[in-house]
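Subject: Structure handover

Hi,

Here is the structure I promised to pass on to you. Have a look at it first, and then read on for what turned up.

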Amino acid sequence: MFEIFGIPSQALFGQLLIGLINGSFYALLSLGLAVIFGMLNIINFAHGAQYMLGAFAAYLLLQLTGIGYWPALILAPIIVGIIGIVIERTMLQWLYKLDHLYGLLLTFGLALVIEGVFRNYYGSSGQPYQVPSSLAGGHNLGFMFLPNYRAWVIVASLIVCFGTWFVIEKTRLGSYLRAATENPTLVRAFGINVPRMITLTYGFGVALAAFAGVMAAPIYNVSPQMGSDIIIVVFAVVVIGGMGSIMGAILTGFSLGIAEGLTKVFFPEASSTVIFVIMAIVLLTRPAGLFGRG
Amino acid sequence: MKKIVGAVAAATVALAWSAAFAQSGTQKVKIGVISDLSGLYQDIGGPGTIVAAKLAAADYAKINPNLQVEIVAGDPQNKADIAAAIATKWFENEGVDAAVDGPNSAVALAVSQVAANKNKLFVVSGAATSDLTGSKCNANTIHWTYDTWMLANGTGRAVVKTGGDSWFFLTADYAFGHALERDTSAVVEANGGKVLGKVRLPLNTHDFSSALLHAQSSKAKIIGLANAGGDTINAIKQAAEFGIVKGGQNLAGLLVFSTDVKALGLQVAQGLVLTETWYWDLNDASRAWTKRYQEAMPGKIPTMVHAGVYASVLHYLKAVGELKSSSDGRAVAEKMKAIPTDDPLFGKGMIRVDGRKIHPAYLFEVKKPEESKYPGDFYKLRATIPAEEAFRPLKDGGCSLVRS
């Protein structure tokens, strides 16, 4: 075993892997934000609350109907996605022509309302949710103990992230979407229902947040404020990656997870600030973000 | 900024004005509950503390119907500056005689200072720092329920004595976490154990896996969690996932409330050792009180903080009743220290000259899921720490009131 900067390589590999796992959550969440911003030009501050809704949906499905983790992984995003569609139809759609600030204020207000309602009903200390039995336990990799559930988090998040990227960047449907954001009038002239496409995109972005919420439920505390704890970091990730850039959001999500993991090895006290330091440096040198156009 | 949540009328306010005036010797007292009504700690204290204070007022009214109690509430949002502003307004303009609870250490230290300056009274239940009756003590503050020294002493000593002699700390990187880590390290070392290392992580860290790996490779027998609330819950949940306990290491939660155990679920929390000064299922009296509490807070399990607010308000009212005045905070505090305490939840006890309330502490172990018979059946009692051993000896605190 060798050492790097006085840290045993074992510990370092372990932390890198853990960083990758945390990065999976950042990537999933920032992906949803990037999709919504890229297609709708809305800065979705309710994303954290929607992530929390996903976790609570999984918890409530289990408590009220006995539906376990695996079906919840599909059902919770659908339920929360539908809530997102209702929000888009009833509120957001009136804001597209206005300044970004209005969308930001509306979604921020929504986040506060949703959190407040859940805190009122469920209190602040959280709800229990177990790791599914099929993923309990773990493997000893030699340099660290890797819980099976964490391995699953990386795999699932990679599949979802690159699947989304593929659909938006490489398929016909994705090209319609991108065209519709560039020039909605022209796309409509080709007979494509642009408002419906936008609505479904928002629903999909929200469903991604809920999916991350279900993934988080077995390992993080399921509480009303779980979203607001993580969303600020995720916004930093999106800013670093470049607002609206899908690939940028995915790659920065994973790499910032790793950066944070490494900080926890060398100077754990700074682990919550390192991402913002990186953000400041990126904004100074590349104001549009690492992958941003413009 | 959110304003004070609003005045909450107490049981006796319902009395008609005329009737109250007609009675000779009627005395009024106004209590301000300062608690986290809408944030992270609202389940530990929060709206339940108002309920507890009302129950105390109702019970005292049976002994002395001539004392009219009004209860108001304020939410400092866990910020010391807002807390100080609320307390100043209460004491100066709104005729509040005593503030109770105080949801965290920073808030409690701030309100304690205001109470001393305005010569009013502050009875702490929710906050943990032992400095309230140590280096930062004053004649207007009484600390009721628990403190960091008692937690460290209870859990730390018991764990070292049962073979857990090497420790690794996961510490919340702020005043409370540091105090708890400091007090616990001292106890561990005094009892022949050693501290192998620590990781300090910012408040509201959501991922502990890297710190847990660190702790795992330290080979320490005990991983001490010097944090609270959501941080503790996340750390324990992820420790279970990483097989920490199965790998032969044990967790010691230094500040764990029954609400945290509920949030974790017994499957994850089982085997955890913790110290509290009150538990709802401790005896018949505590169960009976819990039943009354749950009439106002259906389905909620009261914590030791709620019990502390109830008992401290009851004792406060007794002191005011004997003194026949509530305006001089220092005099009331002296009276509270002079008369022995006696209530259904903490039993017989006393308040020391430094303001520390003395009562037994209990070392609990969280039950296995199959041992739990009904909702809220969380703990089995492992040891009772007698009142005189549970808290820091008077001479060690460095409180200026002790010397004078």
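Let me begin with chain B, whose domain assignment gives domain 1 (6-146 + 282-359) and domain 2 (157-276). Please keep in mind that this is a predicted model. The C-alpha centres of these two domains of chain B lie 31 Å apart. Where they meet, 12 residues of domain 1 of chain B are in contact with 12 residues of domain 2 of chain B. On the domain 1 side of that contact there are 7 nonpolar, 4 polar and 1 charged residues.

Next, the contact between the chains. Chain B contributes 35 residues to it and chain A contributes 32 residues. On the chain B side, at least two residues each come from strand 8 (194-201), helix 7 (209-218), helix 8 (229-241), helix 9 (258-264) and helix 10 (266-269) of chain B. Helix 8 of chain B has the largest share of that side, with 6 residues. By type, the side of chain B that touches chain A splits into 11 nonpolar, 16 polar and 8 charged residues.

Now to the interior. As a general background point, nonpolar side chains in soluble globular proteins tend to be buried together. The largest nonpolar core here has 227 residues, and A:Ala55, A:Ala210, B:Ala53, B:Val111, B:Leu170 and B:Val313 are those with the most contacts inside it. Helix 1 (residues 9-40) of chain A provides the largest share of this core, 18 residues. Both domain 1 and domain 2 of chain B supply at least three residues each to this core.

How far apart are the end C-alpha atoms of helix 3 of chain A? They are 31 Å apart, which agrees with the 32 Å that its 22 residues (residues 69-90) should span at 1.5 Å a residue. Helix 3 of chain A does bend, by about 30° at A:Leu75, with a proline, A:Pro77, following within four residues.

The buried residues of helix 3 of chain A include A:Ala76, A:Pro77, A:Val80 and A:Gly81. As a group, the buried residues of this helix pack against helix 2 (47-65), helix 4 (100-122) and helix 8 (194-216) of chain A. A:Ala210, which we met in the core, ties into this picture: leaving aside residues up to four places away in sequence, A:Ala210 touches A:Ala76, A:Pro77, A:Val80 and A:Gly81, and among its other contacts are A:Gln50, A:Tyr51 and A:Leu53.

Best wishes

Terms used:
Residues are numbered from 1 along each chain as its sequence is written. Chains are lettered from A and ligands numbered from 1 in the order in which they are written. This is a predicted model: local features need pLDDT of at least 70, side-chain atom pairs count only at pLDDT 80 or more; totals for chains, interfaces and linings use all residues. Two residues are in contact if their C-beta atoms, placed from the backbone, lie within 7 Å. Ala, Val, Leu, Ile, Met, Phe, Trp, Tyr, Cys and Pro count as nonpolar, Asp, Glu, Lys and Arg as charged, and the others, Gly among them, as polar. The expected span of a helix is 1.5 Å times one less than its number of residues. The bend at a residue is the angle between axes fitted to the seven residues ending there and the seven starting there. A residue is buried if 20 or more other C-beta atoms lie within 10 Å of its own, exposed if 12 or fewer, and partly exposed in between; C-beta atoms are placed from the backbone. Domain bounds come from an automatic or database domain assignment. A nonpolar core is a set of buried Ala, Val, Leu, Ile, Met, Phe, Trp, Tyr and Cys residues joined through C-beta atoms within 7 Å.
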